[in-house]
Structure formats: C-alpha cells, structure tokens
Amino acid sequence: DGMVLRVARHSGDRFATFGAHGDRGYKLHAICDSTGKVGVWRVTPPHCAETKIAHRLLRVAFIEGYPLADAGYDSTKLHAACAQHRVQLVAPRKASRKGRGVRRGGTPPARRRSTDLTECDRTGFGRSLGVARGVIERVFGRLENRFSVKHPPASVRGLERVRRWIQAAIILGLALGKFKP
C-alpha cells in the first residue's frame with residue numbers, strides 16, 4: 001500500500017512535488033507480511049504510479065501466497081508480474097471497471113481469479129483475505145500515530161533525508177514491537 005507524506009506548500013523543499021490529489025511531499029510504499037513486519041519499502045515523489053512502484057518492490061521482495069492490495073493496484077501488468085512470481089494478487093476492481101464484462105481480448109487468468117475472489121466468493125476465503133488486508137492499514141496508522149510520519153518535521157527535507165527518517169521510524173517500530181497486528 002502507499003501513504004502520502006505531506007510537506008507544507010510554502011516549504012523550500014525542492015524535492016517535494018505535487019501528487020494526483022494536490023498533496024505536496026513524498027509517498028511511502030510498503031509491503032508487509034501478515035504479522036505487520038515491513039519487508040520492503042520505498043519513498044518516492046507522490047506523482048509516481050503505485051502500480052509501477054509495486055512492480056519494482058515485487059522484484060526485490062520475497063512473497064508467497066496471496067498479496068493483498070487496494071483497487072489502486074488493479075492492473076493487468078501487476079497481475080501478470082505476480083503470476084510470474086507464482087503468487088496470486090488479490091485486489092478489488094477499480095471503480096471504472098466495476099460492472100463491466102470480460103473485455104474483447106479476454107481477461108488474463110490471474111486478474112479474473114482476483115475478481116472472482118473479491119466479488120464472486122462463495123467459500124468465504126476472499127472475504128477472509130479482505131479482512132487480513134487491514135494489517136498494512138494498521139502498520140501505516142501506527143507509523144502515523146507513534147512516529148508522525150505523515151507530516152515530516154521541517155528539519156527533514158529532501159528525498160534522501162526523508163528516506164532515512166522513514167527507515168528510522170520503521171526500525172524503531174519493529175524494535176519496540178509497535179507493529180503487532
């Protein structure tokens with residue numbers, strides 16, 4: 001998942017850029033396991049596409065099972081990349097795709113399976129996966145509440161300093177046991 005790290009509009013930070021929703025700052029992208037341990041993370045400018053960053057994170061992360069994501073990660077390329085790593089990405093369809101049938105060229109099997117798990121689940125397995133996705137939201141919430149990462153202090157400006165600051169918050173959170181689900 002991703003979380004915007006906001007910087008004030010009047011800040012002199014030349015690396016902080018504007019994102020899609022008018023927020024100025026940076027964006028934290030992270031992959032965590034079911035226990036809340038952050039495995040891989042990146043800090044990027046907020047205008048970077050979440051699916052592209054997720055694709056980069058997949059190359060360096062060890063993932064097995066069912067990676068869970070929100071609708072922002074629903075893309076054919078990301079489903080294909082996960083299938084290449086022998087995992088099934090589970091992400092609900094974007095609002096623009098809801099209610100639409102199968103496209104002319106056919107939907108790739110990995111993406112179709114994700115849609116089946118999120119929308120046509122008869123066994124309850126897909127719902128249980130949706131509940132498990134709350135772990136990353138809790139990790140981000142604890143980073144925000146305990147370490148105030150959503151609004152970096154004025155002394156932390158520039159992409160490299162923000163990366164080191166986030167790394168320190170993640171290490172402290174893991175060392176202090178703050179990311180338990």
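The questions and answers below concern a predicted model.

Me: Which helix gives the most to the positive patch on the surface?
Reply: The patch of positive charge is formed by Lys 52, Arg 56, Arg 59 and Lys 77.

Me: Is Lys 52 buried or exposed?
Reply: Lys 52 is found in helix α1 and is one of the residues in the positive patch. A residue counts as exposed when its relative accessible area is over 50%. The relative accessibility of Lys 52 is 57%, so Lys 52 is exposed.

Me: Is Thr 44 buried or exposed?
Reply: Thr 44 is found in strand β4, residues 38-44. Buried means under 20% relative accessible area. Thr 44 has a value of 8%, so Thr 44 is buried.

Me: Which side chain does the side chain of Thr 44 join in a polar contact?
Reply: Thr 44, in strand β4, has a side chain that takes part in a polar contact of 3.0 Å. The partner in this contact is the side chain of His 29.

Me: Where is Arg 133, and is Arg 133 buried or exposed?
Reply: Helix α4 covers 125-132 and α5 covers 134-147, and Arg 133 has its place in the loop between them. The relative accessible area of Arg 133 is 16%.

Me: What separates the C-alpha atoms of Arg 133 and His 47?
Reply: Along the chain, Arg 133 and His 47 are 86 residues apart. In the model, the separation of their C-alpha atoms is 24 Å.

Conventions:
Residues are numbered from 1 along each chain as its sequence is written. This is a predicted model: local features need pLDDT of at least 70, side-chain atom pairs count only at pLDDT 80 or more; totals for chains, interfaces and linings use all residues. Side-chain values use heavy atoms; hydrogens and water are left out. Patches are made of residues with over 30% relative accessible area and no salt bridge: like charges are joined within 9 Å, nonpolar side chains (Val, Leu, Ile, Met, Phe, Trp, Tyr) within 5 Å. Accessible areas come from the Shrake-Rupley method with a 1.4 Å probe; for residues, only the protein chains shown count as cover. A salt bridge is a side-chain nitrogen of Lys or Arg within 4 Å of a carboxyl oxygen of Asp or Glu. Lys and Arg count as positive and Asp and Glu as negative; His and the chain ends are not counted. The place of a charge is taken as NZ of Lys, CZ of Arg, CG of Asp or CD of Glu. Helices (H or I, at least four residues) and strands (E, at least two) are DSSP runs, numbered from the N terminus. Buried means under 20% relative accessible area, exposed over 50%, partly exposed in between (1.4 Å probe, protein chains only). A polar contact is a pair of N or O atoms within 3.5 Å; within protein, one must be able to donate a hydrogen and the other to accept it, and residues adjacent in sequence count only if both atoms are side-chain atoms.
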